[in-house]
Amino acid sequence: MSQQPRSAVIRDVARLAGVSHQTVSRVMNNHPSVRPETRDRVMRAVHQLNFRPNANARGLANRRSRLIGVISFEPLLFGPASTLLGIERAARTAGYSVSVVALEQLDHDAVADALDRLTAQAVAGVAVIAPLLSVFEATRTLMAAGPAVVVEPDAEADLPTVAVDQVAGAQLAVGHLLDLGHETVWHLSGPQAWSQARSREDGWRQALQAAGRRVPPVLVGDWSPRSGYEVGLDLAERPDVSAVFCANDHQALGLLRALHERRVRVPEDISVVGFDDIPESRYLSPPLTTVRQDFDEVGRRCLGTLLELIETGSVTETSRHPRVQPTLVVRASSSPPSRVALSR
């Protein structure tokens with residue numbers, strides 16, 4: 001039995017016309033910004049391919065549904081997963097449903113394909129959880145497609161953005177340890193491709209420099225307990241280390257395990273502060289001092305900005321790049337330094 005030929009999709013039209021799929025979408029939605037010669041080229045491709053757009057997928061510009069699209073990466077990690085949950089809760093409260101596309105690749109084509117899938121569902125707008133710099137760059141293609149908000153970028157953006165103030169969070173952690181009397185604070189960072197890792201490292205460095213303290217070399221991890229454990233084994237042998245700020249709680253968990261195995265007391269010998277306030281952090285031994293991110297507030301801000309875009313086509317300056325302030329949660333893993341150098 002012969003197979004039915006595949007129907008043309010918007011990406012086929014874009015390829016034949018030599019334009020982006022966003023341009024095809026604008027042409028199909030009679031957007032006024034398209035040049036006449038471009039519109040003619042797209043329409044010739046449409047007729048040549050016998051392209052038939054779905055009436056329910058006429059692009060984001062129609063905004064007829066009460067469905068929000070979310071493009072996400074690494075949805076199993078605590079930060080992205082909590083951000084996604086915060087957006088979903090806010091959407092449900094506002095009477096919207098959420099359709100999620102999880103990225104497997106971090107490039108322009110992957111984001112464009114995700115947008116195509118959401119456009120086919122006639123979503124009213126799109127939120128992009130972009131914790132990696134490469135994902136953020138790819139989201140620039142969303143600008144012409146319709147209402148879109150980027151969550152957690154680490155760059156100046158033309159698109160509206162919503163983010164936790166990661167720099168301020170790191171400064172809270174370092175300031176807490178310096179106020180306790182530690183001479184300096186070591187830092188176990190996250191992977192450098194992640195915007196949050198860079199921002200937290202920036203905040204750590206700025207806090208030490210502002211206090212006139214020595215800035216130790218950065219120790220780079222990968223968000224996992226394993227990387228925290230491996231770094232912890234090395235730090236346990238250094239008598240000059242009295243305080244460590246970990247870029248996330250999972251790395252802090254591994255660090256605590258390594259210090260315990262090496263009979264280094266926390267917080268008496270080394271104080272440890274994490275970031276995220278994962279649910280398990282209060283049950284670690286000792287309970288972990290950490291920086292809490294308000295993901296529900298991130299979700300509310302994100303949806304509020306997105307709905308403003310959907311309803312008015314623009315956002316005010318105050319709602320264009322809101323920053324959610326983190327808070328410090330002090331538990332038993334941090335205290336004034338009590339050991340004498342070289343005592344270990």
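These legends walk through a few close-up views of a predicted model.

**View 1. Trp194 and Trp223 meet edge-to-face.** Start with the aromatic rings: the model has three aromatic pairs. In the one shown here, the ring centres of Trp194 and Trp223 are 5.8 Å apart and the planes stand at 85°; edge-to-face applies to planes over 60 degrees apart, so that is what this pair is called. Trp194 comes from the loop between strand 6 (186–189) and helix 8 (195–210), while Trp223 comes from the loop between strand 7 (219–220) and helix 9 (225–235).

**View 2. Phe245 and Phe275 make a tilted pair.** Here the two rings sit 6.3 Å from centre to centre, with 50° between the planes of Phe245 and Phe275. Phe245 belongs to strand 8 (residues 243–246), and Phe275 to the loop between strand 9 (271–273) and strand 10 (290–292), so their contact ties together parts 30 residues apart in sequence. Phe275 has another neighbour to look for: Arg200 lies over the face of its ring, 3.9 Å from the ring centre.

**View 3. Arg66 sits over Tyr96.** This view picks out a charge and a ring. The charged end of Arg66 is 4.2 Å from the centre of the Tyr96 ring.

**View 4. Strand 1 is mostly covered.** Strand 1 takes in residues 67–73, and seven of its seven residues are buried. Which residues point which way? Leu67, Gly69, Ile71 and Phe73 face one way, and Ile68, Val70 and Ser72 face the other. Whichever way they point, all of these residues are buried.

**View 5. Strand 1 runs parallel to strand 2.** How many bridges join strand 1 to strand 2 (residues 97–103)? There are seven. Look for Ile71, whose bridge partner in strand 2 is Val101. To get from strand 1 to strand 2, the chain passes through helix 4 (residues 78–93), making a right-handed β-α-β crossover.

**View 6. Strand 1 also pairs with strand 3.** Strand 3 covers residues 125–129, and its pairing with strand 1 is parallel too, with four bridges. To find your way around, look for Gly69: standing opposite this glycine in strand 3 is Val126.

Terms used. Residues are numbered from 1 along each chain as its sequence is written. This is a predicted model: local features need pLDDT of at least 70, side-chain atom pairs count only at pLDDT 80 or more; totals for chains, interfaces and linings use all residues. Side-chain values use heavy atoms; hydrogens and water are left out. Rings of Phe, Tyr and Trp (its six-membered ring) pair if their centres lie within 6.5 Å; planes under 30 degrees apart count as stacked, over 60 as edge-to-face and the rest as tilted. Helices (H or I, at least four residues) and strands (E, at least two) are DSSP runs, numbered from the N terminus. A charge sits over a ring if NZ of Lys or CZ of Arg is within 6 Å of the ring centre and within 35 degrees of the ring normal. Buried means under 20% relative accessible area, exposed over 50%, partly exposed in between (1.4 Å probe, protein chains only). Two strands pair if DSSP finds at least two bridges between them. A crossover is right-handed if, with the strands pointing away from the viewer, the path from the first strand over the helix to the second runs clockwise.
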